[in-house]
Amino acid sequence: MMRAWAATFVLWGAGLLGSCSEDRTSTPQAPAFQTDIAPLLQERCASCHSGSAPAAGWSVMTYSAAIACVQPSGAPATLPAGETAPILVALQVSPHLGLLADSERSTVLAWLMAGTPDVRNGVHDPTFADPRSSASHGAMLRATRWAAMLDPNDPNACGRCHDGTLSRPAGVTLPAPGAPACTSCHDQPGGVLACSTCHGSGTRAYPPRDPCFFPEDAANAGAHAAHVQPSMALATGVACSTCHPVPGDPIIGGFHGDGKVEVTFDPTVVIGEANYDSTTQTCAVYCHDQSGARPRPTWQDTKPMACGDCHGSPPSGHYPGACTHCHAEANATGTMLTGGPLHLNGKVDLGNGSGLCGACHGTGDSPWPTTAAHPAHQNPTLTVPLDCANCHVVPSTLLDPVHLDGTVHVTFSELATARGALPTWDGASCTNVACHGANLADPAAVPAWNDSSGAQSRCGACHGIPPTQHTASTDCDRADCHGSEVAIEASGTPSITPSGLALHIDGVIESAR
């Protein structure tokens, strides 16, 4: 019995050894980026395809960069998976000919055909870092409403292995060996919670996401860029909070991150009633709906808004003159804006928007224009500064009659009509104005409005020296005549002293007696 059993054992063992010696075929593992592709591409391609400005906008230094798009075509470097992928097509033309050996090219092709895995035998799916993959970390997190990223008690909490997340469990102080930090990719301020992580790209916080990885987003991005980016119509762009609720604390909670787009207008920015119709994708807001040609553009309408689209150009019942007469940021014909802080600020601004007379025809608080003889009347050398009411009807409100009608109305009063003078204006010069000597014995001056020679600012321009009805004496500064109000220059010409400015051209002939 023992011999029989022993013989059987020997025969069984021989069979076992024989079976172990047989050839066995195993399925080869697909190449992975980190172990097979990155070393190859970085050795052969990094001289051109690395750094902050890689050739064709394509870098081999990271997984996400290697599966990104090449420029100028904008096509993914690794799609379609096969011989026509740009990464392989490029190897057929100079300067890439011969860059890879046939075996190396086959390795790249096998990687493409396997779906461009990042790692092999990792904790996660090989395409966990590929935004296009249905097994990507983004898809996984969205499906669970970001529980692994936010909740340290979640069994799959990202913080168990990775730095740069919000879900590090108690007692875990270090990342797992080889586990990359979330911020190695999500490197914007805010890290994984940066606005661009979910609905933007890079430094851009608004949709669409990166069109290379999310090409479907382009069709739904709508007019975000037209609202957020500075333009001639809106110098600083619109803040996201103008149309959307501001995320609270925690950032992902409540309405934010619920898979829906809430449109809630900020009443401090969007004046009056405002609403958004999700069916027609149109907004009824003051920013657009001002009786223009396109009062309610759809959200997908990205055609630039022109002057006249939101309001008439000019609006109904508006003064028909050149826009530049009243508005600082429009061209004369009302067809273009020059850009600035006033347009779309919730009110109608005239001039520089200060609300003062100087906004349209002066500077700052001063209503005085700088044209023609205005400065000579604002700061005269022969009298105190004159009031606008001497030559114009000063409006009590912005919309008073004859104000903002495009015509400069000259209506004389006050000092201009002293001594019973009846001044006239012919569009070029003033005649019979009391300030210039009307109803004195000498002929009154008829100054041209555009005369900037200064001739009218000297004694003798409006009356003789001395005046005709005056004594023959030219000792104007005598104590019993005009005293300290008049000084005699070295040339013998009289001039008005600072103390005499308030008396000269006041409509009355004064003497020291």
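D289 is partly exposed, with a relative accessible area of 29%, where partly exposed lies between buried (under 20% relative accessible area) and exposed (over 50%), taken with a 1.4 Å probe and protein chains only. The model is predicted, so local features need pLDDT of at least 70 and side-chain atom pairs count only at pLDDT 80 or more, while totals for chains, interfaces and linings use all residues. Residues are numbered from 1 along each chain as its sequence is written, and side-chain values use heavy atoms, with hydrogens and water left out.

The side chain of D289 meets that of R296 in a salt bridge of 3.1 Å, N to O; such a bridge is a side-chain nitrogen of Lys or Arg within 4 Å of a carboxyl oxygen of Asp or Glu. R296 is likewise partly exposed, at 48% relative accessibility. Side chains of opposite charge can pair when their charged atoms come close. Across the whole structure, the search returns 11 salt bridges. Another of these joins D301 and R294 at 2.8 Å, N to O. Here D301 counts as partly exposed at 28% relative accessibility, whereas R294 is buried, with a relative accessible area of 14%. Elsewhere, salt bridges with shared partners connect E43, R44 and E104 into one network.

Attention now turns to helix 5. This helix covers residues 102-113; helices (H or I, at least four residues) and strands (E, at least two) are DSSP runs, numbered from the N terminus. From first C-alpha to last, the 12 residues of helix 5 reach 16 Å, close to the 16 Å expected at 1.5 Å a residue, the expected span being 1.5 Å times one less than the number of residues. Its buried residues are E104, V108, W111 and L112. These residues lie on the same side of helix 5 because they cover an arc of only 100 degrees around the axis, the arc being that of the directions from the helix axis to the C-beta atoms. They pack against helix 2 (33-45), helix 3 (63-66) and helix 4 (86-89), with contact meaning heavy atoms within 4.5 Å. On the face turned away from the buried side sit the exposed residues D102, S103 and M113.

E83 is partly exposed, at 39% relative accessibility. Just after helix 5, G115 adopts a positive phi of about 95 degrees.
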